[in-house]
Amino acid sequence: MVEKNNYAWPVTSINREDYEEFCKWFEHSKDILQENQVAIWGAGIRGTEFSIFFKRLGYNNLVFVDSNAQKWGGYIDEFEIISPEELEAQRENKKRVILISTENSAGIERELEAKKCEKEHIMVPFAPHCIPDWFKMQAYSEFADLAEV
């Protein structure tokens, strides 16, 4: 019997603000999420956090996608990790949205768009357009302070 590895990060705490923003994003995106399986691109710490957020909100129709071949066939908690090629091969048979959880979200978005994935089925919860204005203003003011030095 082949042992499957659990690549879940031992997330012991979650930033309250991140969780609240995720909940707002989830509520805004609820209709499309409930009509589709969510493929979380990125089987790392942020992907693990997203799976915890989804489970807390009662949504368990998840699968992970990762570019790291060592993770394929493994899982994060109860959710399988598949390759980008397997995701592509299943595209015709499964209704999915792709949630990008990695820091390289722009590169992955471009790759998916090049494969003709519908833009409305590609989601990045904490992309700049999803970050609350108060956070943007604080981040920009902090960078402006650094620029003045």
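Trainee: Why are H1 and H2 called roughly perpendicular to each other?
Mentor: Helix H1 (residues 16-35) and helix H2 (residues 45-56) pack at an angle of about 65°, with their axes 11 Å apart. The cut-offs are under 35 degrees for roughly parallel, over 145 for roughly antiparallel, 65 to 115 for roughly perpendicular, and oblique for the rest. So H1 and H2 count as roughly perpendicular. The axes are lines fitted to C-alpha atoms over the stretch in contact, with angles from 0 to 180 degrees between N-to-C directions. One caution: this is a predicted model, where local features need pLDDT of at least 70, side-chain atom pairs count only at pLDDT 80 or more, and totals for chains, interfaces and linings use all residues. Residues are numbered from 1 along each chain as its sequence is written, and side-chain values use heavy atoms, with hydrogens and water left out.

Trainee: Which residues make the contact of H1 and H2?
Mentor: On H1 they are Asp-18, Tyr-19, Phe-22, Trp-25, Phe-26 and Leu-33, and on H2 they are Phe-50, Phe-53, Phe-54 and Arg-56. Contact here means heavy atoms within 4.5 Å. By class that gives 8 nonpolar, no polar and 2 charged residues.

Trainee: On to the strands: what makes S3 and S4 a pair?
Mentor: DSSP has to find at least two bridges between two strands. Strand S3 (residues 75-76) and S4 are joined by 2 bridges, so they pair, and they run antiparallel. Tyr-75 is bridged to Glu-80 of S4, and Ile-76 to Phe-79 of S4.

Trainee: In what sense do S2 and S4 pair?
Mentor: Strand S2 (residues 62-65) and strand S4 (residues 79-82) pair in the parallel sense over 2 bridges. Phe-64 has Ile-81 of S4 as its bridge partner.

Trainee: Why are S3 and S6 called edge strands?
Mentor: The open sheet has 6 strands in the order S3-S4-S2-S1-S5-S6, with mixed pairing. S3 and strand S6 (122-123) each pair on one side only.

Trainee: What is the phi of Asp-77?
Mentor: Near 55°, a positive value in a residue other than glycine. Most residues other than glycine have a negative phi. Asp-77 lies in the loop between S3 and S4, a hairpin with 2 residues between the strands.

Trainee: And why does Asp-77 count as partly exposed?
Mentor: Buried means under 20% relative accessible area and exposed means over 50%, with partly exposed in between (1.4 Å probe, protein chains only). Asp-77 has 28% relative accessibility, so it counts as partly exposed.

Conventions:
Helix = DSSP H or I, 4+ residues; strand = E, 2+ residues; numbered from the N terminus. Nonpolar A, V, L, I, M, F, W, Y, C, P; charged D, E, K, R; others polar.
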